Amino acid sequence: MITTLLLEEKYKAQKELAAQARHDVSQYFELSHRIVADISSQYGYRFKYGLRRGGEIETIRENESA
């Protein structure tokens, strides 16, 4: 895989955040959002979020009869 110093830093930050969130996706996104909010208030940046379309994702159940 081709990497750069920037990508290596990105992967390192993602690994640290995943460990901090105990590999829980919901916690990972909550921590990520908190970091973005802190950066926004500290430095005055305004981040724009895209609209989420498609509703909720259904849970996949293994071995479910059709």
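In this predicted model, the N-terminal end of helix H2 is capped by Asp24, with a side-chain oxygen placed 2.8 Å from the backbone nitrogen of Ser26. H2 covers residues 25–43, and its axis comes within 9 Å of that of helix H1, which covers residues 5–20. The two axes cross at roughly 120°, and the crossing is right-handed.

**Helix H2 and its ends**
- H2 comprises 19 residues and spans 27 Å from its first C-alpha to its last, close to the 27 Å expected at 1.5 Å a residue.
- At the start of H2, the capping residue is Asp24, whose side-chain oxygen faces the backbone nitrogen of Ser26.
- Just after H2, Gly44 adopts a positive phi of about 80°.

**Helix H1 and the residue that follows**
- H1 comprises 16 residues and reaches 22 Å between its first and last C-alpha, close to the 22 Å expected at 1.5 Å a residue.
- Arg22 follows H1 and has a positive phi, near 55°.

**Packing of H1 against H2**
- Angles of 65 to 115 degrees count as roughly perpendicular and those over 145 as roughly antiparallel; the crossing angle here is roughly 120°, and H1 and H2 are therefore oblique to each other.
- On the H1 side, the contact is made by Gln14, Leu17, Ala18 and Gln20.
- On the H2 side, Tyr28, Leu31, Ser32 and Ile35 make the contact.
- By class, the contact of H1 with H2 consists of 5 nonpolar and 3 polar residues, with no charged residues.

Definitions and conventions: Residues are numbered from 1 along each chain as its sequence is written. This is a predicted model: local features need pLDDT of at least 70, side-chain atom pairs count only at pLDDT 80 or more; totals for chains, interfaces and linings use all residues. Side-chain values use heavy atoms; hydrogens and water are left out. Axes are lines fitted to C-alpha atoms, for helices over the stretch in contact, and angles run from 0 to 180 degrees between N-to-C directions. Helices (H or I, at least four residues) and strands (E, at least two) are DSSP runs, numbered from the N terminus. Angles under 35 degrees count as roughly parallel, over 145 as roughly antiparallel, 65 to 115 as roughly perpendicular and the rest as oblique. A crossing is left-handed if the near helix is turned anticlockwise from the far one by less than a right angle, and right-handed if clockwise. Contact means heavy atoms within 4.5 Å. Ala, Val, Leu, Ile, Met, Phe, Trp, Tyr, Cys and Pro count as nonpolar, Asp, Glu, Lys and Arg as charged, and the others, Gly among them, as polar. The expected span of a helix is 1.5 Å times one less than its number of residues. A polar contact is a pair of N or O atoms within 3.5 Å; within protein, one must be able to donate a hydrogen and the other to accept it, and residues adjacent in sequence count only if both atoms are side-chain atoms.
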